[in-house]
Amino acid sequence: MNALEIKNLTKNYDGFKLDNLNLTLPSGCIMGLIGENGAGKSTVIKLILDIIERDSGEIRILGMDNRKNIVLAKEDVGVVLDDIGIVECMNARQVGNIMKRTFKNWDDAVYEKYINEMSIPMEKKFKEYSKGMKMKLGIAIAMSHDPKLLILDEATSGLDPVVRDEVLDIFSEFTRDENHSILMSSHIVSDLEKICDYIAFLHNGKLILCEEKDVLLGEYGIVRCNAEDFCRIDSKTVKGKKESPYGIEAIVKRQFVPPEMNISPISIEELFVYMVKGEK
């Protein structure tokens, strides 16, 4: 069973359209949702959570329609949004006491484990937390009621590199259980490249690519050459390029490049930047 299935999802705003989105997140996997500001990442997440109304399309979470299973969304989906939504005068201990009355599968021991692992102060008021500390508390809450799917919107935002690495390890451990999955949007593409199984690229409300990460890294590469050599490459295989007085740098599909030309590896961030510029 897939953790998440989105079919023909459309949402219109004045000046923006999420256009016929289709993607599938298999169980036990992590999918990274990449896109520049305004690409539609937060819109997709709000639609999955049924916070806003879609114009058309279908969303299924763990095989069930997300609009018809309110209990499912509450119990089996852990959510971390940019705004954690905790009452500012509360501390982490009080938050835990409320959550165990909110979720039937809430586990105090798991919550305390994450609180300790992420060095979250138990008695300090939420309003006194830094942005990164607030995000860590949101992650602890989301993972302490035995969710099957985690939906994370910029969940590593505001965390220093050491803590981000620790949190990513927690996410990786979570998906070792094949019944656990994560959909994670982030501007920190290196985080997604480190832990994701699948990468989905959004640009101007359209899904321009969705594929297994390892397939993407194996399929695409960077060619650096002069204009004459560049003309030998089939234009259909070029996904984006940069021109300078020193030559041309292009992202290409490896299999269609003449064998004598040197192809360098590409990162997920480079791939996205090149493809967006190619779309523009």
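Student: How many bridges join β11 to strand β13?

Tutor: A word on the ground rules: this is a predicted model in which local features need pLDDT of at least 70, side-chain atom pairs count only at pLDDT 80 or more, and totals for chains, interfaces and linings use all residues. Residues are numbered from 1 along each chain as its sequence is written, and side-chain values use heavy atoms, with hydrogens and water left out. Strands here are DSSP runs of E with at least two residues, helices are runs of H or I with at least four, both numbered from the N terminus, and two strands pair if DSSP finds at least two bridges between them. β11 and β13 (residues 247–253) run antiparallel, and the bridges between them number six.

Student: Which residue of β13 stands opposite V223, and where does this pair of strands belong?

Tutor: The strands belong to an open sheet of three, in the order β11-β13-β12, with antiparallel pairing. Its edge strands, each pairing on one side only, are β11 (220–225) and β12 (238–244). Ignoring direction, neighbouring strands are turned against each other by 15° on average. The residue opposite V223 is A250.

Student: How are β1 and β2 connected, and which residue of their hairpin takes a positive phi?

Tutor: β1 (residues 2–13) and β2 (residues 16–26) run antiparallel and are joined by eight bridges. N12 stands opposite K17 in β2. The hairpin has two residues between the strands, and the residue with a positive phi, near 90°, is G15.

Student: What is the strand order in the six-stranded sheet, and what is its average twist?

Tutor: This open sheet has mixed pairing and the order β6-β7-β8-β3-β9-β10. At its edges are β6 (77–80) and β10 (206–212), each pairing on one side only. From one strand to the next, the twist averages 15°.

Student: Which residue of β9 is the bridge partner of I34?

Tutor: β3 (residues 30–34) and β9 (residues 198–203) run parallel, with four bridges joining them. The partner of I34 in β9 is F201.

Student: What angle does helix α1 make with β7?

Tutor: Contact means heavy atoms within 4.5 Å, and helix α1 (residues 41–48) packs on the sheet by touching β3, β7 (149–153), β8 (181–185) and β9. Axes are lines fitted to C-alpha atoms, for helices over the stretch in contact, and angles run from 0 to 180 degrees between N-to-C directions. Between α1 and β7 the angle is about 145°.

Student: What is the relative accessible area of S185?

Tutor: S185 lies in strand β8. Leaving aside neighbours within four places in sequence, its contacts include L33, K41, I45 and L152. S185 is buried, and its relative accessible area is 1%.

Student: Why do the buried residues of helix α4 line one face, and what arc do they span?

Tutor: In α4 (residues 108–117), the buried residues are Y111, Y114 and I115. The arc is that of the directions from the helix axis to the C-beta atoms. Seen down the axis, the buried residues of α4 line one face because they fall within an arc of 105°.

Student: What covers that buried side, and which residues are exposed on the other side of α4?

Tutor: The cover includes α3 (92–99), α5 and α6 (161–174). On the other side, the exposed residues are A109 and N116.

Notes: Buried < 20%, exposed > 50% of the residue type's maximum accessible area, 1.4 Å probe, protein only.
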